[in-house]
Amino acid sequence: MEKSAIDKAKNIFLSIFSGLDRQLGLILLGLAGIGFITFLSASQNTPVRFEDELRNLAISFVVMWIVSRVPPKWLETAAVWIYGIGVALLIAVALFGLIKKGARRWLNIGFVIQPSEIMKIAMPLMLAWYFQKREGIQKSWDYGVAAIILGIPVLLIARQPDLGTALLVFAAGMYVIILAGLPWKWILPFVGIGAFGIILIIIFGGTICAQDVVWPLVHNYQKHRVCTLLDPSSDPLGKGFHTIQSMIAIGSGGFFGKGWFQGTQAHLEFIPEKHTDFVFAVFSEEFGLLGNLVMLALFFALIKRGLAISASAPNPFTRLLGASVTLIFFTYAFVNIGMVSGLLPVVGVPLPFISYGGTALVTLGFGAGILMSIHRHRRLVQS
Amino acid sequence: MVSFKKPDLDSFQERIHIATLFVTVCFLLLVTRLVWLQLVSHSKYALLAESNRIALVPAPANRGLLIDRNGIVIGRNYSALTLDVNAEEVKGNVDELIDELSQIVLISPRDRRNFKRSLEDSRKMGTFPLRSMLTEIETARFMVNRYRFPGVEIRARSFREYPYNELASHLIGYIGRASKQDIERMQIEIDNSKAGDPDALQTSFLPGIHYVGKIGIEQSYETVLRGRPGYDEVEITAGGKPVRTLSSSPSVPGKNVVLSVDIKLQYLVEQLYGNFRGAFVAIEPETGDILAFVSKPNFNPNDFVEGIDSLTWKELNDSPQKPLYNRPLKGIYPPGSTYKPFMALAGLETKKRTPSQTISDPGYFEFGNHTFRDDKKGGHGIVDMQKSIVDSCDTYYYLLARDMGVNMMHDFMKPFGFGQITGIDLQGESKGILPSTEWKKNTFKKPEQQKWYEGETISLGIGQGYNAFTILQLAHAMANMANNGIVMKPHLVKAIEDPFTRNRTLTTPKESYRIDLVPENIEVIKKAMVEVNNSGTSASVFKGTGYQVGGKTGTAQVFSLNSKEYKHSSTAEFLRDHALYVAFAPAEKPTIVIAMVVENAGFGAQYAAPIARKALDFYLEGKWPKEIPEWKRAP
């Protein structure tokens with residue numbers, strides 16, 4: 001009797017967790033654990049509730065679990081639809097969207113949604129689907145088509161304006177395109193121009209950031225952000241304040257950190273968005289370089305594992321999708337830590353699995369679920 | 001159309017490797033950045049985080065008292081309720097807030113201006129008074145409405161008060177809110193002072209300093225009076241809200257300053273001047289203690305403490321009476337005949353004259369083609385030295401001046417302090433003019449102006465010409481003579497008192513130097529000056545004194561005090577002669593020396609000497625003139 005009850009429970013447990021990639025699961029558990037303890041410290045004295053964080057983590061897990069059960073084939077079938085609906089919603093935003101803080105990003109369809117979020121997943125799905133379709137018969141104009149698929153939503157998002165999300169969606173699509181085989185001779189010139197541009201900005205930052213210099217193609221506030229990054233002290237109480245304060249938090253953490261709940265920068269409200277976009281500063285201050293190295297190691301392991309899963313995926317769709325999703329995780333982590341530590345301009349990018357926020361956790365859970373699904377269905381497809 | 005190779009697994013994996021490499025490089029970049037921030041620059045950021053987190057909330061120190069030589073307090077502090085507003089919590093809508101508050105308590109436009117000025121100069125954590133000295137009713141009314149005004153509270157604050165109002169205003173000075181320039185100047189003082197310097201300690205925490213002495217004793221003894229503000233080390237949020245107190249350092253109250261001035265004597269003299277303008281300085285010759293330092297008219301220093309209102313300021317500043325002008329310190333006057341005793345002494349010391357040597361005075365002295373007149377028509381007849389002083393014979397001194405020459409006069413007068421900074425403990429002293437050929441050369445631009453003309457020497461003998469001294473210098477010179485050539489530095493402060501133990505540290509009287517004089521010569525002059533009050537120009541004024549007093553009247557033609565500025569309508573009055581008087585008493589062993597001027601009053605004997613007589617009667621014998629209201633100790 002007793003034994004069979006235990007067996008029954010064991011069976012239920014196994015049926016829930018079977019198919020979830022163990023390595024990936026442990027890494028995500030580690031990151032979510034770091035996220036949770038940091039959240040506890042960061043949310044002290046703020047209106048954000050501990051129950052909400054638990055709920056968000058649960059939802060994220062459930063989404064991941066469900067997606068991991070979904071065969072990649074289904075995603076392949078749904079890809080065009082998801083992309084199509086996403087683009088349609090973006091057009092709707094452009095026409096009827098809500099305006100908040102000068103940006104038209106939201107759509108009221110009974111409840112308010114932000115369609116650009118959908119594109120973060122829809123873009124790699126769609127492009128992976130496309131290259132899957134063109135498998136073996138790729139022509140140069142395939143990249144033209146891919147560019148159009150990529151360009152339309154990116155431009156729509158950039159026009160909102162939401163340059164940060166546009167860049168992330170663009171990156172997600174570019175990963176697929178590059179991994180799909182975009183010739184190096186087409187890639188390298190852009191890498192070269194980009195690197196050259198960055199060097200120019202660093203050298204001539206002072207000149208081009210002068211008050212009366214107008215930058216073509218970008219909004220004034222965007223110029224301000226880049227310029228503030230180059231010299232945060234130029235605007236210590238305005239835009240530069242966030243960067244300066246988060247750098248102080250990170251730097252003052254030292255090697256071992258100030259200890260959990262001991263971060264003065266965080267607890268005395270010097271860090272903006274301390275449980276969302278700037279949560280890394282809170283973690284850094286309290287757990288020091290040591291904690292950061294552990295966190296970075298976890299992220300690195302996550303990416304290595306994701307790429308490994310993709311590398312052994314059975315067809316171009318799963319390969320491209322998996323690798324792109326993995327590299328999105330990487331991009332989020334890199335851009336977030338880069339911005340919080342004053343290496344990159346401040347753009348609204350959460351730190352994967354660490355930052356508080358339902359939408360991001362669900363999106364990331366969805367991504368993790370895709371990776372697990374690819375891993376789980378690998379053998380099935382092969383056999 | 002170019003055709004590409006099928007993207008097989010191999011090429012995909014190749015790209016995955018490249019992606020891995022790219023990711024690795026990016027992570028190394030992050031690690032480098034974090035090592036830079038958390039190891040290399042750690043100490044810098046740790047310091048920044050600490051200074052972010054901690055604010056020092058100042059606790060102002062009590063200012064030292066001002067006490068006269070007999071223990072009467074003439075500058076003190078009192079505590080009153082004020083309405084304080086925390087600058088952090090009202091950003092933006094200051095006027096609205098004040099409008100609302102003004103429905104509950106009275107807030108004048110001046111209060112509003114002062115408050116807004118404070119806001120502009122504010123630093124982090126600033127709380128500033130909007131309205132001081134709340135009445136009981138106002139306090140009660142605010143307390144009922146308090147919930148409506150977060151960041152506004154009632155607090156007890158310490159205020160400076162001068163209980164005798166106008167009395168001695170020029171010597172006391174006043175305190176006022178520290179301006180940005182004051183703070184910057186103090187910062188420089190601190191930076192320049194050496195470690196371990198007790199004065200540096202007194203000024204070490206600037207944010208606690210809201211008031212500084214602006215003129216007078218309040219200014220010159222600022223570092224003694226101020227004390228050291230204390231502070232609480234408070235942990236604050238980014239928004240400036242205090243979280244908890246980490247430590248506190250108590251304030252050290254300022255020291256009391258004991259003046260050498262006898263405030264009752266000061267009061268009496270100020271009353272005796274009535275509506276006359278003028279300056280009066282009394283010195284104790286043996287010590288250099290200044291006993292009275294009067295500048296009339298004066299002003300009420302209490303008006304300045306919380307910022308003077310523009311109407312009062314305009315009135316004071318525009319008045320032709322110049323009540324803000326510190327006459328004994330800055331006003332320069334020709335000494336007139338009060339200079340004669342010094343000239344006579346010069347004649348003896350330089351051996352140009354003997355006491356018995358006489359001249360015959362026809363009533364004038366011709367030099368070149370100019371006639372220098374004596375004020376007595378027909379002259380004084382045969383005049384020896386004593387008579388020259390007693391009768392104030394001009395011709396005697398025309399001749400003496402001619403015989404000495406300008407440079408000999410200059411060299412003799414200089415050590416007495418004429419035309420020199422006396423070094424009194426007040427700022428802004430005028431130097432005056434003690435002419436010499438060198439002085440003229442340095443002062444004028446054109447060569448023909450630089451040349452000294454012999455004729456210019458003559459009138460110097462009777463204290464006219466280029467001679468121009470402050471009343472302080474005249475009193476100082478008189479004291480030096482009364483003290484037989486021992487020069488004591490004049491000072492207004494006698495001692496520094498510890499506010500707790502009441503122990504006094506004397507600011508030792510400083511003997512600056514001695515003038516080498518023949519005692520018999522001084523006796524001749526002193527005797528002649530006593531005779532002035534027995535049978536001379538001011539004999540009637542000094543009839544019936546219980547003490548011997550030496551003196552000399554003077555009447556000086558108006559020369560300085562910017563007479564050009566005066567309006568036509570008042571010109572007549574302002575062109576009248578100044579009445580001067582110098583005295584020392586008791587003659588045998590002087591304990592008090594007086595120099596004074598009554599501006600545009602006329603003859604010295606008529607207007608100045610009577611004031612000196614009454615002052616001496618009080619100081620030496622305690623006699624209070626009937627016509628002057630009794631001295632009343634401030635409540």
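What follows is a chat about reading the salt bridges and the chain contact in a predicted model.

Colleague: Before we start, what are the ground rules for this model?

Modeller: It's a predicted model, where local features need pLDDT of at least 70, side-chain atom pairs count only at pLDDT 80 or more, and totals for chains, interfaces and linings use all residues. Residues are numbered from 1 along each chain as its sequence is written, chains are lettered from A and ligands numbered from 1 in the order in which they are written, and side-chain values use heavy atoms, with hydrogens and water left out.

Colleague: How many helices and strands does chain B have?

Modeller: Helices (H or I, at least four residues) and strands (E, at least two) are DSSP runs, numbered from the N terminus. Chain B has 26 helices and 23 strands.

Colleague: And what percentage of chain B is buried?

Modeller: Buried means under 20% relative accessible area, exposed over 50%, and partly exposed in between (1.4 Å probe, protein chains only). Of the 635 residues in chain B, 53% are buried. A contact means heavy atoms within 4.5 Å; among chain B contacts with a separation of 6 or more, 75% join residues 24 or more positions apart.

Colleague: Which residue does Asp289(B) form a salt bridge with?

Modeller: Arg69(B), and the closest N and O atoms are 3.2 Å apart. Asp289(B) is in strand E12 (residues 289–296) and Arg69(B) in the loop between strand E2 (66–67) and strand E3 (73–86), so this pair ties together parts 220 residues apart in sequence. Asp289(B) is buried at 2%, and Arg69(B) counts as buried at 19%.

Colleague: What about Arg353(B): buried or exposed?

Modeller: Buried, with a relative accessible area of 8%. Its salt-bridge partner is Asp403(B), with the closest N and O atoms 2.9 Å apart. Arg353(B) lies in the loop between helix H15 (340–349) and strand E13 (359–361) and Asp403(B) in helix H17 (residues 394–404), so parts 50 residues apart in sequence are tied together. Asp403(B) is partly exposed, at 29%. Elsewhere, salt bridges that share partners join Arg63(B), Arg160(B), Glu218(B), Glu222(B) and Arg226(B) into one network.

Colleague: How many salt bridges cross the interface of chain B and chain A?

Modeller: Zero by this rule. There are ten residue pairs in polar contact, though. A polar contact is a pair of N or O atoms within 3.5 Å; within protein, one must be able to donate a hydrogen and the other to accept it, and residues adjacent in sequence count only if both atoms are side-chain atoms.

Colleague: Which helix supplies the largest share of chain B's side?

Modeller: H1(B), with 23 residues. In total, 42 residues of chain B are in contact with 55 residues of chain A.

Notes
A salt bridge is a side-chain nitrogen of Lys or Arg within 4 Å of a carboxyl oxygen of Asp or Glu.
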